[in-house]
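Please look through the sequence and the model below with an eye to how individual side chains sit within the overall fold. The explanation that follows starts from a single residue and widens out from there.

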Amino acid sequence: MTHRPTEEPLRPVRPHPAGPVGRHQPPEPGQVDPAVLSALLRRHGWQRRGGAPGRYGRWTPPGPGGAGTSLLVPESRAFPDSDDLLGEALVALARSGTPSAHEVLVCLAVPSDEIRWWRDVPTGPAGTTPWTVEEQLRTAARQTLLAAALATRARAGYHGARHRRPAAAMLENVLVGSPAGGRSLTAFVPVGTGRPLAVRLHQALYAAREAIDYRRATGGMDAFDGAVEAGVSRELTEALIALVRGTEGARVAVDWAPAAGVPDGCAAGAEAVEFSPGDLPVLREAGARYLRAEPSVAVRVTGAVVRMRRSGPRGEGAVRLRVLAGAEIPHVRLTLDEESYRIAGHAHLVGLPVRVHGRLESRGGFRKLTGVSSVVPVQVDEAERDRLMKSLQENLDFFEEACGGD
């Protein structure tokens, strides 16, 4: 099993699909539940202004410019004209220039839980904001989602390099809207693939808020220990610090997809969780606490040698393994004595990985193995061996030098 090194940048969250889902291909009326459409319109600020009770409602968009625009949305499919009304409403949404109309169509096309971030940032002349504010919001939002994805893989106060690739893969289907002046951002998390992420984030945000309040009220940090089970970690505290820093306050909310309902253990219509600059010292303290407290882990790692180095032809040397099994990290570094170093070098030369025992140290992000023992080559199938041999041929000069000596 291989994973993305943490030194590599995360893949960006997919942009909002402005073309295909937006103004050209509204969903078919037969695929839309009128109750879901009404719930989404209400969520996105549309106002119901009359209509025939029990048959349809008249909805107008948010903002002062919406008075001249309206949608007729049936309350159910009990009447013959319901599909016609739905079709007209969907076409009107697709042609609308209102950002909320676009977001409603996205949620209809792919039932999604919606995660929203708001930042109260100081404004400049005529309501302007520095161009960096938008990037700061995107970065903080991505860190928040990654922290939640990591928590779906394991409960830990500090994840480090562990579980990074599967966690990042959970973000591949997330759609993200355009930031509104760097002050707000919405992510659409498909229910089919991402609901565990949204649930974990919902629970972790409330647990973090409660732990902060407990710390500020009593001076104790014990609540942060229990919050780990809800998904709070150093990664989440760092994401919240990035979200709040430089603002007058920030909020995060999770709204459940109307088509899928509220997941077990979560509240319907929960309010946004708020964080303020006064929370920053507590968040930093909690992050440092998680970093100190996470223990090293005894592991048996199977990996392919990708780098070898020592200062002379004899003695111990440093080795880097690409992890194939035994630990949820992409690579691990270790120091081997002379005999074990020779075994690792010979195993690589014949296209075999090695298996080692040791302790995965939390210091440095779980990237280093200490107390290494029992270095032995491991047999693999022909396809894997051929791939390892190809890697050797690409780096043959380096390994001839590294494995030189007797």
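Arginine 162 is buried, because its relative accessible area is 13% and buried means under 20%, with exposed set at over 50% and partly exposed in between (1.4 Å probe, protein chains only). This arginine 162 sits in the loop between α5 (132–153) and α6 (164–170), where helices (H or I, at least four residues) and strands (E, at least two) are DSSP runs numbered from the N terminus. Leaving aside neighbours within four places in sequence, arginine 162 is in contact with Leu150, Ala156, Glu294, Val297, Glu328, Ile329 and Phe366, contact meaning heavy atoms within 4.5 Å. With glutamate 294, the side chain of arginine 162 forms a polar contact of 3.5 Å, that is, a pair of N or O atoms within 3.5 Å of which, within protein, one must be able to donate a hydrogen and the other to accept it, residues adjacent in sequence counting only if both atoms are side-chain atoms.

This is a predicted model, in which local features need pLDDT of at least 70 and side-chain atom pairs count only at pLDDT 80 or more, while totals for chains, interfaces and linings use all residues. Residues are numbered from 1 along each chain as its sequence is written, and side-chain values use heavy atoms, with hydrogens and water left out.

Not counting residues up to four places away in sequence, glutamate 285 touches Arg215 and Met221; its side chain and that of arginine 215 are joined by a polar contact of 3.1 Å, whereas methionine 221, 64 residues away in sequence, lies 8.8 Å from glutamate 285, C-alpha to C-alpha.

Turning to the sheet, five strands close into a barrel in the order β10-β11-β12-β14-β13, with mixed pairing, two strands being paired if DSSP finds at least two bridges between them. Strands β12 (residues 331–336) and β14 (residues 368–377) run parallel and are joined by two bridges, and the bridge partner of arginine 333 in β14 is lysine 368. Helix α11 (residues 338–349) lies across β10 (297–309), β11 (317–325), β12, β13 (354–361) and β14, at about 70 degrees to β10; the axes are lines fitted to C-alpha atoms, for helices over the stretch in contact, and angles run from 0 to 180 degrees between N-to-C directions.

For the protein chain as a whole, the secondary structure comes to 13 helices and 14 strands, and 48% of its 406 residues count as buried.
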